[in-house]
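Please open the structure in your viewer and keep the selection panel at hand. The tour below goes from one selection to the next and says what is to be found at each stop.

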Amino acid sequence: MLDIQKIRADFPILSQTVNGKPLVYFDNGATSQKPQIVIDAEVKYYQEINANIHRGVHTLSQLATDAYEISRGKVKEHINAKHAHEVLFTSGTTHGINLVTNGFASILKPGDEVIVSSLEHHSNIVPWQMLCEKTGATLKVIPMNENGELILEEFDKLLSEKTKVVTVNHISNALGIINPIKYIIDKAHAVGSAVLIDGAQAVPHLKPNVQELDCDFYAFSGHKMCGPTGTGILYGKEEWLNKLPPYQGGGEMIKEVTFEKTTYADLPHKFEAGTPNIAGGIVLGTAIDYLNNIGFENIQEYEHELLEYATKRLLEIEGLRIYGTGKNKASVVSFNIDGIHPYDIGSIIDKLGIAVRTGHHCAQPIMNFFCIPGTIRASFSFYNTKEEIDQMVEAVKKAQTMLS
Ligand code: C6P
């Protein structure tokens, strides 16, 4: 059992008022709020050990380097990677995915196929399209059904010896559907394909076990899991990271440079050119510790309660439709009300202190599938409450009355 009021006290922003009303923050899918311990760790880094890493012999540089590498080790443990050097620091999921697609540009050939799903965020569509344009490979799409679930029989039919990469998100940002990624990974491996999982929306809710999943790449963002913005992780299996060329050239990623030839550093440095977000990387470790102290089983159990409660309460509203009605869901409810544009509801409830996201959620193909311009998305975190859900429901009812 979580003590939600105690947890809420960890997040200074949650006691704020917005537009004169207590803040109800339901835009956790976009970014999570940060506990004081994370904010303090960022300040402490700059106050006490700020220095560039992996370069100086001086004490501060050593302290900063140690803290950065300790954080990498925490991520390795958290996701159960085999080696710490399979954990690359990035600026976020988008960066991680682009690092991989850039690498595959030297591997794919015309006639090869890349499979994405119809539930992807633009970050996991556009880089693959760009890769296909560059290499002559073809993009194939796993279709979905009316509940927002991927149609696995259709996925099976897409697989062949031409399939070189399969990529899906672990959890859909727009609908909250949890995808059957183990099935997808195993089937893709059976035809010799690599697999990238976009874990951006999964890591706030669960602890991915990359060895058990056996995925080749797993990308996620730190800012969605109580960490700082501009942080992220790309996990890659050692053999794949050794196979892919570096993403960016520069300092830190080399062994030796001459004007004739440059040789590259070993993993993970080969993919970490330039001065990284040192403070962010270190503090991501603090965020992971914080979440683990709360416990992912507790988080999942409580968030599931919030999901069920919100679904039930929202469905009391006449003319309200929820998108993403599949069984396996994270704490996200995407909905619309008959005859009303989502943006209008979002703007009115914002005046009542309620923060939700409206629009296509960077997942336009999903909106096209449902023939809608967008949805209102309420995404819940472990620090939200049923009382806040009640406030949102009342606010949505008020907006509906005003707009009809
Ligand atoms: N989705 C949302 O409101 P970055 O921006 O690199 O941290 O994450 C990109 C990204 C990739 N995949 C998925 C499934 C995502 O949900 C996101 C970010 C936010 O849904 C902002 S658009």
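Begin by selecting helix H3 (residues 59-79) together with helix H10 (residues 278-294), which pack with their axes 8 Å apart at an angle of about 40 degrees; axes are lines fitted to C-alpha atoms over the stretch in contact, and angles run from 0 to 180 degrees between N-to-C directions. H3 and H10 are therefore oblique to each other, since angles under 35 degrees count as roughly parallel, over 145 as roughly antiparallel, 65 to 115 as roughly perpendicular and the rest as oblique. The model is predicted, so local features need pLDDT of at least 70 and side-chain atom pairs pLDDT 80 or more, while totals for chains, interfaces and linings use all residues. Residues are numbered from 1 along each chain as its sequence is written, and side-chain values use heavy atoms, without hydrogens and water.

Next, show the side chains in contact (heavy atoms within 4.5 Å): those of H3 include Ala64, Tyr68 and His78, and among their counterparts in H10 are Ile278, Leu284 and Asn292.

Now move to strand E8 (residues 194-198), where five of five residues are buried, meaning under 20% relative accessible area (1.4 Å probe, protein chains only). Ala194, Leu196 and Asp198 point one way from E8, whereas Val195 and Ile197 point the other way.

How values were computed: Buried means under 20% relative accessible area, exposed over 50%, partly exposed in between (1.4 Å probe, protein chains only). Helices (H or I, at least four residues) and strands (E, at least two) are DSSP runs, numbered from the N terminus.
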